[in-house]
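Dear colleague,

I am handing over the structure below, and I would be grateful if you could look through it alongside the notes that follow.

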Amino acid sequence: MSNDYKSLSHCRYLVQYHLVWCPKFRFEVIKGDIEQSLKNILAKVCNKYQYEILELEVMPDHIHIFLSAKPTAAPTDIVRTLK
């Protein structure tokens with residue numbers, strides 16, 4: 001986990017989010033190739049939108065992602081983008 005403040009032209013910030021997703025009824029559907037594909041997709045999306053993945057854990061029945069983003073990115077937009 002990184003606690004280093006980042007800077008933009010007029011501010012210093014440290015914005016981090018912990019997001020958790022669960023499949024319907026927490027069925028264990030995230031296994032094998034799906035797990036690796038999901039990690040790759042999340043990494044690509046985060047790179048495109050300049051989110052920094054600090055931790056990513058994919059379990060068979062849920063996903064934890066801890067990321068850092070700029071203060072101009074609304075939490076709802078981050079979740080919508082990653083979903």
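Predicted model: local features only at pLDDT ≥ 70, side-chain atom pairs only at ≥ 80, totals over all residues.

Residues are numbered from 1 along each chain as its sequence is written, and side-chain values use heavy atoms, with hydrogens and water left out.

H62 counts as buried because its relative accessibility is 12%; buried means under 20% relative accessible area, exposed over 50%, and partly exposed in between (1.4 Å probe, protein chains only). Its side chain is joined to that of R26 by a polar contact of 2.9 Å and to that of D61 by one of 2.8 Å. A polar contact here is a pair of N or O atoms within 3.5 Å; within protein, one must be able to donate a hydrogen and the other to accept it, and residues adjacent in sequence count only if both atoms are side-chain atoms. Setting aside neighbours within four places in sequence, H62 is in contact (heavy atoms within 4.5 Å) with V20, W21, C22, P23, R26, I30 and E57.

R26 is placed in the loop between β3 and α1, and it counts as partly exposed because its relative accessibility is 42%. The side chain of R26 also makes a polar contact of 3.3 Å with the side chain of D61. Although R26 and Q16 are 10 residues apart in sequence, they are 25 Å apart in space, C-alpha to C-alpha.

V29 is also placed in the loop between β3 (16-21) and α1 (32-48), and at 45% relative accessibility V29 counts as partly exposed.

Lastly, I turn to the cysteines. A search of the whole structure finds 0 disulfides, a disulfide being a pair of cysteine sulfur atoms within 2.5 Å. As for accessibility, C11 counts as partly exposed at 31%, and C22 counts as partly exposed at 42%.

How values were computed: Helix = DSSP H or I, 4+ residues; strand = E, 2+ residues; numbered from the N terminus.
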